[in-house]
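Hi,

Here is the structure I promised to pass on to you.

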Amino acid sequence: MSGKNDAAKTGKIAVWWDMKDCPVPEGIDDHRVRPSIEGAFKEQGYSGPVSITAYGDQKQTPEHVLRALSSTGVAVVHIGSESTCAVMYLDMVKWREDNPPPATMMIITNQMLDVFNWDLARLQQRTSYNIFLAYSIRPVAALFVYTRKEWLWEKLLHRTTSTSVDTAGELSTVFHCEFCSLDCQSVKSFKKHLSTKKHAIEEVLNPQPTQLVSVTKRWGKNYAATPEYATAKIHVSWDMSECPIPDGYDARRVRPSLEGAFKELGYSGPVSITAFGDHKQTPERHLHALSSTGIDVAHALPEFIYGRMFDDLKQWRDNNPTPTTMMIISDGAEILLGGCLARLKQLKKYNLFWAYSFRPWKMSVMLTSAEWLWDSLLAVSETKRHVLRKCSGSSESVVESTGMFYCKMCFSKRKRLDKFMKHLSSKKHISEEEGITEHVEASEKRRLYCLKAKRMFSREQAVEESCLVEVEKL
Ligand SMILES: [Zn+2]
Ligand SMILES: [Zn+2]
């Protein structure tokens, strides 16, 4: 990973800049854009060649600005404001196809959260570049896109600039009209072109896309294993409260069913499974059957299951370097964990499977290599009897070891089911559960109180401010 990152630090850096969202503030010399960006990258240890493209309605941009940009090697694209994001994204996708990683992308925009976030996060999960972001307005929520560093645009322009400004000559700066697909070599010819009738007609006849064209939406669901992952380890985190064992189903068939479904796609690596649930409610015969097929059983109260599942996956991921596959069996976990898993996947490469009891109404930001409906997944071993690990004298689904029993509320473990059940009904466990629940309830109350206080404060402030306006009017 570090070797790859070292290569990225000397690799290409491409910058896409939305001039309308992030204009050069008044009082700052337009010549500073390139050296400021280069300086900021140098501070982060990145020294590769930087190409910068500025997007905007260039009919509105004064000539001296265009001249300053072009003289410092910033390419300029003319596009309508409403199409800037869509065209920038098409250019980014094209650049990614032409420039395999390691390489670095920087996006200067206020639209990362609202426009680029979902599709770019999915692209990044398949092919990861180092991403840097600058904005004049900070995104109001956490991004799915994992960024190495984010800057406030104005602050970035005020920073120490790089000393080697003399790169302009090496770059073939062009002015590009997106409507006419035309390059101009000088400010004069570009400005002249933008004022021609021919160009005005093209702007009308050749409208540019205004909506971002998703690259990943049509990506398939179930892919055959690539050689890298075919024999790699697989870890399954299963939420039994959402995807339970159906009535009348033999719990010993869960493991062979999963392994059978993986094999159908060409995955034959060792599979570890952890079954999360409120196991005070799970029939003991199920727990026994799961453990006897080498499935770990983990007890957590329903409101803690997602958090414990994520901890489990993350810990397993940290202990098992790539290539590996992780799987979640859950409906709701995606809503809470999807963004985290997507970010983790951009940071550390791994393969992801997902099973759910009903098909989600909207495509997840998590990029999966395979998805299944829980019921149809469980049916796999019914039709095909997969012999999993050949043990002498056994016919099907035999594993060498039995699964452990974990209490994820007390963070303790037991080897035997009877000891585990005894623990779950013990005073110690019950008071531990009550303590955690009370603590969570109290912190939730505190959080709501803070929110309320904040809202009250802002209302008071608003009242005060409106009073001031009234006073000023007098
Ligand atoms: Zn044109
Ligand atoms: Zn416990």
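Let me start with Ser181, which is exposed, with 9 other C-beta atoms within 10 Å (buried means 20 or more such atoms within 10 Å, exposed 12 or fewer, partly exposed in between, with C-beta atoms placed from the backbone). Ser181 sits in the loop between E7 and E8, and its phi is positive, about 50°, although it is not a glycine. Phe411 is likewise exposed, with 9 other C-beta atoms within 10 Å; its phi is near 55°, and it lies in the loop between strand E15 (405–407) and strand E16 (412–414). Most residues other than glycine have a negative phi, and most peptide bonds are trans.

Before going on, some ground rules. This is a predicted model, in which local features need pLDDT of at least 70 and side-chain atom pairs count only at pLDDT 80 or more, while totals for chains, interfaces and linings use all residues. Residues are numbered from 1 along each chain as its sequence is written, and chains are lettered from A and ligands numbered from 1 in the order in which they are written.

There are two cis peptide bonds to look at. One joins Pro101 and Pro102, with omega about 5°, and Pro102 is in the loop between H4 and E4. Another runs from Thr322 to Pro323, with omega near 0°.

Overall, the chain has 17 helices and 16 strands (DSSP runs numbered from the N terminus: helices are H or I of at least four residues, strands E of at least two). Of its 474 residues, 37% are buried.

Now the sheet: it is open, with 8 strands in the order E6-E5-E4-E1-E2-E3-E7-E8 and mixed pairing (strands pair if DSSP finds at least two bridges between them). Its edge strands are E6 (149–152) and E8 (182–184), each pairing on one side only. E8 pairs with E7 (residues 175–177) in the antiparallel sense over 3 bridges, and Leu182 in E8 is the bridge partner of Cys177.

Finally, helix H5 (residues 112–126) packs against helix H13 (residues 333–347) at about 45°, with axes 8 Å apart (axes are lines fitted to C-alpha atoms, for helices over the stretch in contact, and angles run from 0 to 180 degrees between N-to-C directions). Ala121, Gln124 and Gln125 of H5 meet Ala342, Lys345 and Gln346 of H13 in this contact (C-beta atoms, placed from the backbone, within 7 Å).

Happy browsing!

Note on methods:
Two residues are in contact if their C-beta atoms, placed from the backbone, lie within 7 Å.
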